[in-house]
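Subject: Structure handover

Hello,

Here is the structure I said I would pass on. Please open it next to this email and find each place as you read.

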Amino acid sequence: MSSVLVESTLSDDERRARLYAGELFVYAPRPATREFVEFSRTLIREAFGDLDPETAQYHMPVEDYAALLAELKPRFIHHPTCKELLPAILAEHGCDLSKTYFDVPRLRTSTSDDYLTSGIAYAFHPHRDTWYSAPFCQLNWWMPIFDIVPENAMAFHPRYFSQSVKNGSRDYDYYEWNAKNRADAAKHIKSDTRKQPKPEEEVEIFPQTRVVAPSGGIMIFSAAQLHSSVPNNSGRTRFSMDFRTVHFDDVVNHVGAPNVDAECTGTTMRDYLRGTDLSRIPEDICLTYDTAPPREDAMLVFSHQNA
C-alpha cells in the first residue's frame, strides 16, 4: 500500500529511496511551477484562439481538434523555454542539478465524455512506464496546467506495486516504437491500432488513489507504479504536463524500484539531459540498460532495504 507524502522535507536521496519503494510525493505550487503553468497556458490559449481550451472540444470537429493538438504538442515539447524552466523546478524541489537528468516535458490532454481518446490524446489503460522501456530508477513528475477534479485526474493502483501483472511488454522495443509508431499518433482519431504493452489479465482498478493537486502543484512517482487515465466525465478537458528524471548515481549503480513484470527491450536512457548543461548520459552506461533487469519479488526487495 502506497503512502502519499505531502510537502515532505525529506532530502532528495531519502525521497528517491521512498519513491522506489512505492510511495507518492505531492508538493504545493512554487514559483518555478507557477511560471511553467503560465508559460504553458499561454501556448495553449494561443493555439485555441477565442475558445476556452477546457471546453473547446464542444465547439470543434474531432478531426480539427486532433490536428490542433498535433501542432501544439510538438511545439510545447521542443520549446526552448522548457529547458530553462524544468531545471528551476528541479532545483526548488531539492535536486542536485549536476546529477539529475530530465527529459523533455509532454503536454497531456484528457478530453471529456470519450470525445478523443486515441492517438494524440491517448487515454492510458493501467500500465507501468517500465513496460515502455523506462529504467527502474526513473521518476515521473506530473503537474496540472488548469485545476483538476477527481473525475479527470489520474489513478494509481498501489496494490500492484509489489504484484506482477501479466502484460505485453515482451513485444515492446523502444527503438522499434520510435522508428515505426511515435510519429503516427495524430493519425489515430477514432481508434488506436498501434501495439502497446497492456495488461493481459483482469486488473482490479479499485481500490485506487487519485491525487487532486492544484494547477502548479506537482506529484512525483516511480515509473514502476501501475497507473491509468481516469475516464473523464467532468465536462472539461484536462491539460497536464509531465516529465521524467533519473539520478546519475542510481543510473550507474542500477538502483531503482523492483522489476515485478517488465520484459521489454531498448531503453529511454538516451533521452535524458543533465540539469546543468543539457549533456547526455554516456553511451557506455546507456548500453547496460538495453534489456530489462531480472524480475524480482518486490516484497523481498523491501525487506532487504529495511534490514
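Below is what was found in it, from the whole chain down to single residues.

The whole chain

The model is predicted. The chain has 307 residues, and 55% of them count as buried. Its secondary structure consists of 8 helices and 11 strands. If you take the contacts with a separation of 6 or more, 86% come from residues 24 or more positions apart.

The nonpolar cores

The largest nonpolar core holds 55 residues, and the members that touch the most others are F36, F48, Y65, F243 and I281. Apart from that core there is another, made of 12 residues, including Y132, Y160, W177 and L226. As for I281, its contacts beyond four places in sequence are Y101, V246, V251, M269, Y272 and C286.

Helix α2 and its two partners

Helix α2 covers residues 31-48, and its axis comes within 8 Å of the axis of helix α4, residues 80-92. The two axes cross at roughly 155°. Angles over 145 degrees count as roughly antiparallel, so α2 is roughly antiparallel to α4. The crossing of α2 past α4 is left-handed. On the α2 side the contact is made by P31, A32, T33, E35, F36 and F39, and on the α4 side by T81, C82, L85, L86, A88, I89 and E92.

The other partner is helix α3, residues 62-77, which packs with α2 at an angle of about 145°, the axes being 10 Å apart. Here α2 passes α3 in a right-handed crossing. From α2, the residues in this contact are F36, F39, S40, L43, I44, E46, A47 and F48. From α3, they are Y65, L68, L69, L72, R75 and F76.

Where does A47 lie? A47 lies in helix α2. Not counting residues up to four places away in sequence, A47 touches L68, L72 and R75. A47 is also 24 residues from E71 in sequence, while their C-alpha atoms are 8.7 Å apart in space.

S8 is in the loop between β1 (4-6) and α1 (12-20). Is S8 buried or exposed? The relative accessible area of S8 is 15%, which is under the 20% limit, so S8 is buried. The S8 side chain reaches the backbone nitrogen of L10 at 3.1 Å. Leaving aside neighbours within four places in sequence, S8 is in contact with F25 and Y27.

H247 belongs to strand β10, residues 238-247. With a relative accessible area of 5%, H247 is buried too. A polar atom of the H247 side chain lies 3.2 Å from the backbone nitrogen of D249. Which residues does H247 touch, not counting those up to four places away in sequence? They are D12, R16, K99 and T100.

Backbone details

A cis peptide bond joins F206 and P207, with omega at about 0°. P207 is in the loop between α5 (174-180) and β7 (209-210).

Two aspartates have a positive phi although they are not glycine: phi is near 55° in D113 and near 60° in D114. D113 is found in the loop between β4 (106-110) and β5 (139-144), and D114 lies in the loop between β4 and β5 as well. How exposed is each of them, and what sets the class? D113 has 48% relative accessibility and so counts as partly exposed. D114 has 67%, and because exposed means over 50%, D114 counts as exposed.

Regards

Conventions
Residues are numbered from 1 along each chain as its sequence is written. This is a predicted model: local features need pLDDT of at least 70, side-chain atom pairs count only at pLDDT 80 or more; totals for chains, interfaces and linings use all residues. Side-chain values use heavy atoms; hydrogens and water are left out. Helices (H or I, at least four residues) and strands (E, at least two) are DSSP runs, numbered from the N terminus. Buried means under 20% relative accessible area, exposed over 50%, partly exposed in between (1.4 Å probe, protein chains only). A polar contact is a pair of N or O atoms within 3.5 Å; within protein, one must be able to donate a hydrogen and the other to accept it, and residues adjacent in sequence count only if both atoms are side-chain atoms. Contact means heavy atoms within 4.5 Å. A nonpolar core is a set of buried Ala, Val, Leu, Ile, Met, Phe, Trp, Tyr and Cys residues joined through side-chain atoms within 4.5 Å. Axes are lines fitted to C-alpha atoms, for helices over the stretch in contact, and angles run from 0 to 180 degrees between N-to-C directions. Angles under 35 degrees count as roughly parallel, over 145 as roughly antiparallel, 65 to 115 as roughly perpendicular and the rest as oblique. A crossing is left-handed if the near helix is turned anticlockwise from the far one by less than a right angle, and right-handed if clockwise.
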